[in-house]
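Please load the model below in your viewer and keep the selection tool at hand. We will go from stop to stop, with something to click on at each one.

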Amino acid sequence: MNSCPVCGYDGLNAPPFDEEGNPSYDICNCCGYEFGFDEENFDEYRLKWLTSGTKWFNPKVQPKDWIASEQLLKIGVRLDIPDA
Ligand SMILES: [Zn+2]
């Protein structure tokens with residue numbers, strides 16, 4: 001399982017960065033962060049994603065009973081705002 005450090009989604013195809021720190025250039029299906037391309041740091045990007053309604057980059061793979069706050073807890077991020 002490869003978790004996204006932005007949103008906590010654990011379905012990334014590859015680890016975001018390898019042992020040498022090289023990015024995967026993978027795009028997270030959930031938050032849409034592209035490792036190696038997006039220049040915002042994870043916290044900035046996460047905030048933008050949260051304030052824009054936690055939309056899935058690839059809605060086809062979104063689980064039916066998905067809850068943003070529960071997924072974020074897996075990477076230790078606790079939301080102060082209620083779920084949309
Ligand atoms: Zn993500």
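**Before you click**

This is a predicted model: local features need pLDDT of at least 70, side-chain atom pairs count only at pLDDT 80 or more, and totals for chains, interfaces and linings use all residues. Residues are numbered from 1 along each chain as its sequence is written.

**Stop 1: the whole chain**

Show the C-alpha trace. Along the principal axes, the C-alpha atoms fill a box of roughly 35 × 25 × 20 Å. How does the radius of gyration agree with that of a compact globule? For 84 residues such a globule would have a radius near 12 Å, and the chain has 12 Å, which agrees. The radius is taken over C-alpha atoms, and the globule rule is 2.2 Å times the number of residues to the power 0.38.

Now switch to cartoon. The chain has 2 helices and 0 strands; helices (H or I, at least four residues) and strands (E, at least two) are DSSP runs, numbered from the N terminus.

Next, colour by burial. A residue is buried if 20 or more other C-beta atoms lie within 10 Å of its own, exposed if 12 or fewer, and partly exposed in between, with C-beta atoms placed from the backbone. Of the 84 residues, 21% count as buried.

Among contacts between residues at least 6 apart in sequence, 42% join residues at least 24 apart.

**Stop 2: the core**

Select C4, V6, C7, Y9, L12, C28, C30, C31, Y33, F35, Y45 and W49: these 12 residues make up the largest nonpolar core. Such a core is a set of buried Ala, Val, Leu, Ile, Met, Phe, Trp, Tyr and Cys residues joined through C-beta atoms within 7 Å.

Centre on W49. Leaving out residues up to four places away in sequence, W49 touches V6, C7, C31 and T54. Then move to Y45, which lies in helix 1 and counts as buried because it has 20 C-beta neighbours inside 10 Å.

**Stop 3: helix 1, from both sides**

Select residues 42-51, which form helix 1; Y45, R46 and W49 are buried there. Look down the helix axis: these buried residues fall within an arc of 100 degrees, so they line one face. The arc is that of the directions from the helix axis to the C-beta atoms. An α-helix has 3.6 residues a turn, so residues three or four places apart point the same way.

Which exposed residues are on the face turned away from the buried side? Select D43, E44, L47 and T51 to show them.

**Stop 4: past the helix**

Just after helix 1, click on G53, which takes a positive phi of about 100 degrees. Then click on T54, in the loop between helix 1 and helix 2. The phi of T54 is near 45 degrees, a positive value in a residue other than glycine. Is T54 buried or exposed? T54 is buried, with 21 other C-beta atoms within 10 Å.

K64 is exposed, with 4 other C-beta atoms within 10 Å.

**Stop 5: the segment before helix 1**

Select D18, in the segment before helix 1. D18 is exposed, with 10 other C-beta atoms within 10 Å. Use the distance tool from D18 to K64: the two are 46 residues apart in sequence and 31 Å apart in space, C-alpha to C-alpha.

Y25 is also in the segment before helix 1. It has a positive phi of about 60 degrees although it is not a glycine. Y25 is exposed, with 11 other C-beta atoms within 10 Å. From Y25 to Y45, the C-alpha to C-alpha distance is 16 Å.

Finish on I27, found in the segment before helix 1. With 19 C-beta neighbours inside 10 Å, I27 counts as partly exposed. I27 touches G32, E34 and F57, not counting residues up to four places away in sequence.

Key. Two residues are in contact if their C-beta atoms, placed from the backbone, lie within 7 Å.
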